[in-house]
Amino acid sequence: MQTTPLPKVSVLIPAYNEEKYILRTLAALVKQDYPNFEIIITDNASTDLTAAIIQKFIYDQPSPGIPTKLVYESRQGTNYAREHARQAATCSIIAQLDADCIPPENWILKGVCALYKNKKNVAVT
């Protein structure tokens with residue numbers, strides 16, 4: 001019996017001055033029970049230590065860790081930040097997460113299952 005590989009998911013996180021929250025969010029993401037995803041965080045011209053915290057997180061990940069990218073967007077606003085991250089995404093499914101949210105361990109898997117459960121689905125919230 002042949003199995004179909006799980007689709008790859010890009011998790012997009014816009015971040016503006018999220019130094020208090022971003023590390024908890026990223027720590028929760030690396031505990032996901034879904035094996036095939038990447039994380040793209042857009043620093044939206046933060047004036048705090050958000051970007052430095054993300055860079056340290058990326059550097060400290062064990063190899064091979066979850067593919068994680070930090071991109072920069074100078075235009076203020078989540079729409080600009082999300083679009084910049086979307087352009088950097090390499091996966092067939094896009095998931096969006098706020099920088100101060102803590103997703104449960106099955107968050108990505110539940111979303112992918114909901115998309116594929118009904119072939120008419122194009123978005124899941």
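**A tour of the sheet and its helices**

Select Val11 first: Val11 stands opposite Ala95 in E4. The model is a predicted one, in which local features need pLDDT of at least 70, side-chain atom pairs count only at pLDDT 80 or more, and totals for chains, interfaces and linings use all residues. Residues are numbered from 1 along each chain as its sequence is written, and side-chain values use heavy atoms, with hydrogens and water left out.

Next, select strand E1 (residues 9–15), which four bridges join to E4; the two run parallel. Strands (E, at least two residues) and helices (H or I, at least four) are DSSP runs, numbered from the N terminus. Two strands pair if DSSP finds at least two bridges between them.

Now display the whole sheet, an open one of four strands in the order E3-E2-E1-E4, with parallel pairing. At its edges stand E3 (68–72) and E4 (93–96); each has a single partner strand, so one side of each is left without a neighbour in the sheet.

To view their contact (heavy atoms within 4.5 Å), select Ile22, Leu23, Leu26 and Ala27 of H1 with Ile53, Ile54 and Phe57 of H2.
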